[in-house]
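Subject: Structure handover

Hello,

Please find the structure below. My notes on it follow.

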Amino acid sequence: MNNDSHLALFLMIGQSAAKASGELPEITDGKPLYISKSYDVTTYLPETVKLANQATEGYRLFFVFENYLRKFIIETLTKDGVETWWEKIPPDVQSEIDKLEENEEQKRWMSLGSRDKSALMTYPQLLRVIDHNWKDFFQDIVRDKALIQEARWISHLRNTICHMSSISPEEIERTKQVMRDWFRMVSP
């Protein structure tokens, strides 16, 4: 066996070992999680940090999609310049947001910063606002109401991630597909 063959075999064995050890829950994925300059919780909770790292893609997707929907709704509902977007929100959603705003006021000791009412709208509320204002504001832009239903189908995935559980790669792909469908119809 020549040197090139030895090197190729060495690399292949190394890659196989790295893959096999990476699948063990007690082995970290090499991504530290510091809670101070010198305290990496990966050392003490490798399985949990590994799961958190796996969940980041789903969280990032929903972070982007939910904020995109929020901005899209606010911009669409304020295009006429006469009324504010808040006046076009269904009364039940307004009431829910007012309660959330009161709760945030009580928690002002936390450094949440100043957030307007739109930042308090939940993912299901955002979809409800589009549905409620479909005919007057969104029908000509979105053009296919099935997109709202598609976005509702992944609500459970969003809640799963936001309640500190990971979702399967298949569900990550489903989320990406919903986003692609939206962005095909309504470009960000």
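Helices are DSSP runs (H or I, at least four residues), numbered from the N terminus. After H7 comes Met 164, which has a positive phi, near 65°.

This is a predicted model, in which local features need pLDDT of at least 70 and side-chain atom pairs count only at pLDDT 80 or more, while totals for chains, interfaces and linings use all residues. Residues are numbered from 1 along each chain as its sequence is written, and side-chain values use heavy atoms, with hydrogens and water left out.

The largest pocket has a volume of about 490 Å³. It has 18 lining residues, and those closest to its centre are Glu 66, Arg 70, Arg 115, Ala 119 and Arg 158. A pocket here is an open set of points on a 1 Å grid over the protein atoms alone, where a 1.4 Å probe fits, with protein on both sides within 12 Å along at least five of seven lines; lining residues have an atom within 4 Å of a point. The volume is the space filled by probe spheres set on the points, which are joined across faces, edges and corners.

H2 (46-77), H3 (91-106) and H7 (155-162) each give at least two residues to this lining, and H2 has the largest share, six residues. By class, the lining has nine nonpolar, three polar and six charged residues. Ala, Val, Leu, Ile, Met, Phe, Trp, Tyr, Cys and Pro count as nonpolar, Asp, Glu, Lys and Arg as charged, and the others, Gly among them, as polar.

The second largest pocket has a volume of about 250 Å³. Its lining includes Thr 48, Tyr 59, Ile 161 and Met 164. H2 again supplies the largest share, six residues. Seven lining residues are nonpolar, four are polar and none is charged.

**H4 and H6**

The axes of H4 and H6 come within 10 Å and cross at roughly 170°. Axes are lines fitted to C-alpha atoms, for helices over the stretch in contact, and angles run from 0 to 180 degrees between N-to-C directions. The two helices are therefore roughly antiparallel (angles over 145 degrees). Tyr 123, Leu 127, Arg 128, Ile 130 and Asp 131 of H4 make the contact with Ile 148, Ala 151 and Arg 152 of H6, where contact means heavy atoms within 4.5 Å.

Regards

Note on methods. Angles under 35 degrees count as roughly parallel, over 145 as roughly antiparallel, 65 to 115 as roughly perpendicular and the rest as oblique.
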